[in-house]
Amino acid sequence: TAATPSAQNVRKADRETRAGLRLLQKGDVVQAEVHFGKAIEAVPSYPDAHVQLGNIKMSRKDFEGALREYRAAEDGYAEMGAALQEIRHQNYLSAQRKIVELQDSLAYLSSPQQANKTDEGTLQRQSRAIEQQIQQLQAIEPPDDKNALDPPAEIYFYIGNALFQLGSVDEAVQSWETCRERNPK
């Protein structure tokens with residue numbers, strides 16, 4: 001097995017992966033891929049970056065490359081489960097703190113003294129923007145401690161998709177069944 005990555009490298013890999021995800025949301029696949037690569041440089045087994053690289057390869061119809069990335073993610077989840085769980089706990093707690101800050105900002109915008117200083121249209125736009133941020137943060141679910149050391153079910157869905165595209169239908173079905181067993185939803 002590889003040496004356990006330092007906490008600093010794991011945090012760097014997490015930051016780079018989140019930066020890559022933000023770029024993907026904006027449609028900048030090339031720069032997102034760069035950030036996922038930096039995450040893997042920091043921690044070669046960092047599974048979240050491998051999943052995203054696998055998704056990019058699937059979109060490019062590089063099914064063998066996608067399968068390699070998904071398998072690397074599967075191995076990485078098994079290897080790094082505890083470290084990833086700690087990061088997810090920290091990210092969840094950070095999101096909860098940010099929600100409270102945003103709710104305070106929203107309350108301030110609704111206050112009578114602020115209503116007298118700012119026009120109604122501006123207040124409504126600012127309030128909507130804050131409410132959207134709160135909704136996004138509220139969508140972050142608390143980490144699942146009972147399955148912390150197991151790869152998430154979705155990885156088996158992705159592996160199954162890549163196998164199917166490669167013509168390994170029986171293996172794909174087996175992987176999808178594993179996904180369904182781990183997460184019936």
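1. Start with the loop between helix H3 (47-59) and helix H4 (63-110), which is where Lys 61 sits. Helices here are DSSP runs of H or I, at least four residues, numbered from the N terminus. Phi of Lys 61 is near 65 degrees, a positive value in a residue other than glycine. With 63% relative accessibility, Lys 61 counts as exposed (over 50%; buried is under 20%, partly exposed in between, with a 1.4 Å probe and protein chains only).

2. A quick word on the source: this is a predicted model, where local features need pLDDT of at least 70 and side-chain atom pairs count only at pLDDT 80 or more, while totals for chains, interfaces and linings use all residues. Residues are numbered from 1 along each chain as its sequence is written, and side-chain values use heavy atoms, leaving out hydrogens and water.

3. Next, the surface charge. Arg 11, Lys 12, Arg 15 and Lys 38 form a patch of positive charge (residues with over 30% relative accessible area and no salt bridge, like charges joined within 9 Å). A salt bridge would need a side-chain nitrogen of Lys or Arg within 4 Å of a carboxyl oxygen of Asp or Glu. Helix H1 (residues 7-25) gives the most to this patch, with three residues. Lys 12 has its place in helix H1 and is partly exposed, at a relative accessible area of 34%.

4. Last, Ser 127 in helix H6 (residues 120-138). Ser 127 is buried, its relative accessible area being 14%. Leaving aside residues up to four places away in sequence, Ser 127 touches Leu 106 and Leu 109 (contact means heavy atoms within 4.5 Å).

How values were computed
Patches are made of residues with over 30% relative accessible area and no salt bridge: like charges are joined within 9 Å, nonpolar side chains (Val, Leu, Ile, Met, Phe, Trp, Tyr) within 5 Å. Accessible areas come from the Shrake-Rupley method with a 1.4 Å probe; for residues, only the protein chains shown count as cover. Lys and Arg count as positive and Asp and Glu as negative; His and the chain ends are not counted. The place of a charge is taken as NZ of Lys, CZ of Arg, CG of Asp or CD of Glu. Helices (H or I, at least four residues) and strands (E, at least two) are DSSP runs, numbered from the N terminus.
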